[in-house]
Amino acid sequence: MPIETTVLMPIHEGVTQLDFTGPYQFFFRTPDVKVIVASVGGRAIKANGLVFAELADVRAVERCDVLCVPGGACAEAMEDDDYMREIKRLASTATYLTSVCTGSLILGAAGLLVGKRAACQWSYRDMLSLFGAIPDAGRVVRDGNIITGGGITAGIDFALTVIAELRGAEVAQGVQLGLEYAPSPPFQAGLPEIAPPSVVAAYTARTAAVRSANQRRFERVAARMSQLQTCPA
């Protein structure tokens, strides 16, 4: 009988709900996989106008097999010492360190991606280098025991990759079939390389201020990490 695998998804204020609800649905359908959604103190988390309540307290979770960190507006999570302390602690217990979207920046801020290739949402991918990671444009990227998904919807492809790793390709395909995951988008605009230039320009202009503000916060976190690493014990 297969041993149950624990997937822990520690969510935070500002999380993009599809970053974790997409993979959650696929993990939930996988045999012998237990999914735990947690927050610091078990507090309810607001995400894109939704509220996720009755969560586990991440501080009470002793270990996990798969640590899956979702992204979103993640600067606040990086600056939350309690949240980051638990990410580092649980990472030391996990067989696989994983993320979706800008969740890879959180892994980076925890010092877990130095010298490692990682995926991220395309407009934030370059910021991985602030934390010593190697930005990779892949939709799902694996480097050793680290598996990262690109932006948001890539979380579903990411989840299927992890399921295949845990339970084999046939089980993963069965989950895919049951959830009728057969994407056929009406537009080819999901990446800047294939979207119409006018669409890319409009999106970039609309999000420029938020991106710039987040970059400044990420740089402060990275600078703090560097100072801690160079301080004598």
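Figure 1. The structure shown here and in the views below is a predicted model. Glu54 lies in the loop between strand 4 (50-52) and strand 5 (56-57), and its phi is near 55 degrees, a positive value in a residue other than glycine. Asp32, in the loop between helix 1 and strand 2 (33-39), likewise has a positive phi, near 60 degrees, but with a relative accessibility of 32% Asp32 counts as partly exposed. As background to this view, most residues other than glycine have a negative phi.

Figure 2. Asp57 belongs to strand 5 and is partly exposed, its relative accessible area being 23%. Although Asp57 and Ala38 are 19 residues apart along the chain, their C-alpha atoms are separated by 5.5 Å. Once neighbours within four places in sequence are left aside, the residues in contact with Asp57 are Ala38, Ser39, Val40, Gly41 and Gly42.

Figure 3. Strand 7 (residues 96-100) is largely enclosed by the rest of the structure, because five of its five residues are buried. In a regular strand the side chains alternate between the two faces of the sheet. Both faces of strand 7 are covered, with Tyr96, Thr98 and Val100 buried on one side and Leu97 and Ser99 buried on the other. Strand 6 (residues 66-69) pairs with strand 7 in the parallel sense over four bridges, and within this pairing Leu67 stands opposite Leu97. Strand 11 (residues 146-149) also runs parallel to strand 7 and is joined to it by four bridges, with Ile147 of strand 11 as the bridge partner of Thr98.

Figure 4. A pair of aromatic rings is described by the distance of the centres and the angle of the planes. With ring centres within 6.5 Å as the criterion, the count comes to six aromatic pairs. One of them joins Phe26 and Tyr181, whose ring centres are 5.9 Å apart and whose planes stand at 85 degrees, so the pair is edge-to-face. Phe26 lies in helix 1 (residues 17-28), whereas Tyr181 lies in the loop between helix 6 (169-178) and helix 7 (197-230), so the pair ties together parts that are 155 residues apart in sequence. Phe26 is buried, at 4% relative accessibility, and Tyr181 is buried as well, with a relative accessible area of 19%.

Figure 5. Tyr124 and Phe218 form an edge-to-face aromatic pair, with 6.3 Å from centre to centre and 65 degrees between the planes. Because Tyr124 lies in the loop between strand 8 (117-118) and strand 9 (134-135) and Phe218 in helix 7, the pair ties together parts that are 94 residues apart in sequence. Both Tyr124 and Phe218 are buried. The charged end of Arg211 sits over the ring of Tyr124, at 6.0 Å from its centre. Arg125, also placed in the loop between strand 8 and strand 9, is buried yet has no salt bridge, and the nearest side chain of opposite charge, that of Glu193, is 5.0 Å away. Apart from neighbours within four places in sequence, Arg125 is in contact with Cys120, Pro135, Asp136 and Ala137.

Figure 6. Side chains of opposite charge can pair when their charged atoms come close. A search of the whole structure finds eleven salt bridges, among them that of Arg224 and Asp81, at 3.2 Å from N to O. This pair links distant parts of the chain, with Arg224 in helix 7 and Asp81 in helix 3 (residues 81-91), 143 residues apart. Arg224 is partly exposed at 43% relative accessibility, and Asp81 is partly exposed at 38%. Asp82 and Arg85 form a salt bridge of 2.8 Å, N to O, and, being three residues apart in helix 3, they are separated by about one helical turn. Asp82 is partly exposed, with a relative accessible area of 36%, as is Arg85, with 48%. The side chains of Arg89 and Glu86 meet in a salt bridge of 2.7 Å, N to O, and these residues, three apart in helix 3, are likewise separated by about one helical turn. Arg89 is partly exposed, at 27% relative accessible area, whereas Glu86, at 9% relative accessibility, counts as buried.

How values were computed: Residues numbered from 1 in each chain as written. Predicted model: local features only at pLDDT ≥ 70, side-chain atom pairs only at ≥ 80, totals over all residues. Heavy atoms only, no water. Phe/Tyr/Trp six-rings, centres within 6.5 Å; stacked < 30°, edge-to-face > 60°. Helix = DSSP H or I, 4+ residues; strand = E, 2+ residues; numbered from the N terminus. Buried < 20%, exposed > 50% of the residue type's maximum accessible area, 1.4 Å probe, protein only. Lys NZ or Arg CZ within 6 Å of the ring centre and 35° of its normal. Lys, Arg positive; Asp, Glu negative; His and termini not counted. Salt bridge = Lys/Arg side-chain N within 4 Å of Asp/Glu carboxyl O. Contact = heavy atoms within 4.5 Å. Pairing = 2+ DSSP bridges.
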